[in-house]
Amino acid sequence: MRIIVPMAGMGKRMRPHTLTVPKPLIPIAGKPIVQRLVEDIAKVCGEPVQEVAFIIGRFGAETEKSLVQIAESVGAKGTIHYQDEPLGTAHAILCAQSALTGPVVVAFADTLFKADFTLDSSVPGTIWVQKVEDPKPFGVVKLNEQGQITDFVEKPQEFVSDLAIIGIYYFQDGEYLRSELQYLLDNNIMDKGEYQLTNALENMKNKGTVFVPGRVTEWLDCGNKDATVFTNQRYLEYLQERGENLVAESAKVTNSVLIPPVYVGEGVIITDSVVGPHVSLGNHSNVRASVVSNSIVQTSATVLHANVANSMIGNHATVTGTPDDLSLGDYNTLRV
């Protein structure tokens, strides 16, 4: 099994947090979004992962090293592939064509999920979906009586289905997928100026490939600050349900209250404060005389005499005073 992970650009909707790192490396409950995604896919696959292929822009050696380490954390080889032009989802996947062999999972790196199924690798293809109240903003699938996918419909303005495509796909035959993606490029088949995976799926279906839905129980978006903070909240709840220890032994908590679920990283110092619920404190962060709830505080950040809620605070940033609901990038200082 191989996992193909197309990663978007730096993520304009997540600025200022994506000025220095790509969005998929922003932490959720102490681990980067893309690491959580890869780990969860590996669990659902039910078989060893040989390779994780990351498709990225030119993010630099440090980012690439981090991604390779993420692959190694699930026992796989990590490979880096570049998409230098934003020419669509099909083009992005084809940038990792050397990894398109055997069974593959394609997972776009701005989403997380909760699922209680194990992938059935005996079917030709699985498209992971989530039932939504309003399907208009999404691509959706239609099913026949046998539970097989009959149609892909992009952003339907009239109701055709409430099963939204979440951006994770399984293909039993990676070489076949590669040939269908290459066909789009060779014949310049574009939709709104880009080469789209959906067109390849439609072609494969018309040739007889059977796709079935993989239904997740929850789909979590990381598209903007508020969505990412909510995803952190839900993920902390998942980890608490699993019984995972979320507070590092090296953390120093003095005259303070932790309201679970909270993640407290290595070397964190909490003094005279109330932290939680739904807070992630990155390694070596420092919280003093403050109240922090429903927030992500990244590594080596400092919160002093502050009341912080519904917020993201970047690496090495400092907050002093009483702000509420803020988004502060890396190395910034805010005093109120």
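This report walks through some strands and cysteines of the structure above.

The model is predicted, so to speak of local features a pLDDT of at least 70 is needed, side-chain atom pairs count only at pLDDT 80 or more, and totals for chains, interfaces and linings use all residues. Residues are numbered from 1 along each chain as its sequence is written, and side-chain values use heavy atoms, with hydrogens and water left out.

**Strands that pair**

Helices (H or I, at least four residues) and strands (E, at least two) are DSSP runs, numbered from the N terminus. Two strands pair if DSSP finds at least two bridges between them. Strands of a sheet pair through backbone hydrogen bonds, either parallel or antiparallel.

Here are two pairs to look for:

| Strands | Sense | Bridges | Partners |
|---|---|---|---|
| β21 (residues 291-293) and β24 | parallel | three bridges | Val291 and Asn307 |

Strand β13 covers residues 218-221: Glu218 and Leu220 lie on its covered face, while Trp219 and Asp221 lie on the uncovered one. In a regular strand the side chains alternate between the two faces of the sheet.

Strand β24 belongs to an open sheet of four strands, ordered β15-β18-β21-β24 with parallel pairing. Its edge strands, β15 (257-258) and β24 (307-309), each pair on one side only.

**The cysteines**

How many disulfides are there? With a disulfide taken as a pair of cysteine sulfur atoms within 2.5 Å, the count is zero. Buried means under 20% relative accessible area, exposed over 50%, and partly exposed in between (1.4 Å probe, protein chains only). Cys45 counts as buried because its relative accessibility is 3%, whereas Cys95, at 22%, counts as partly exposed.
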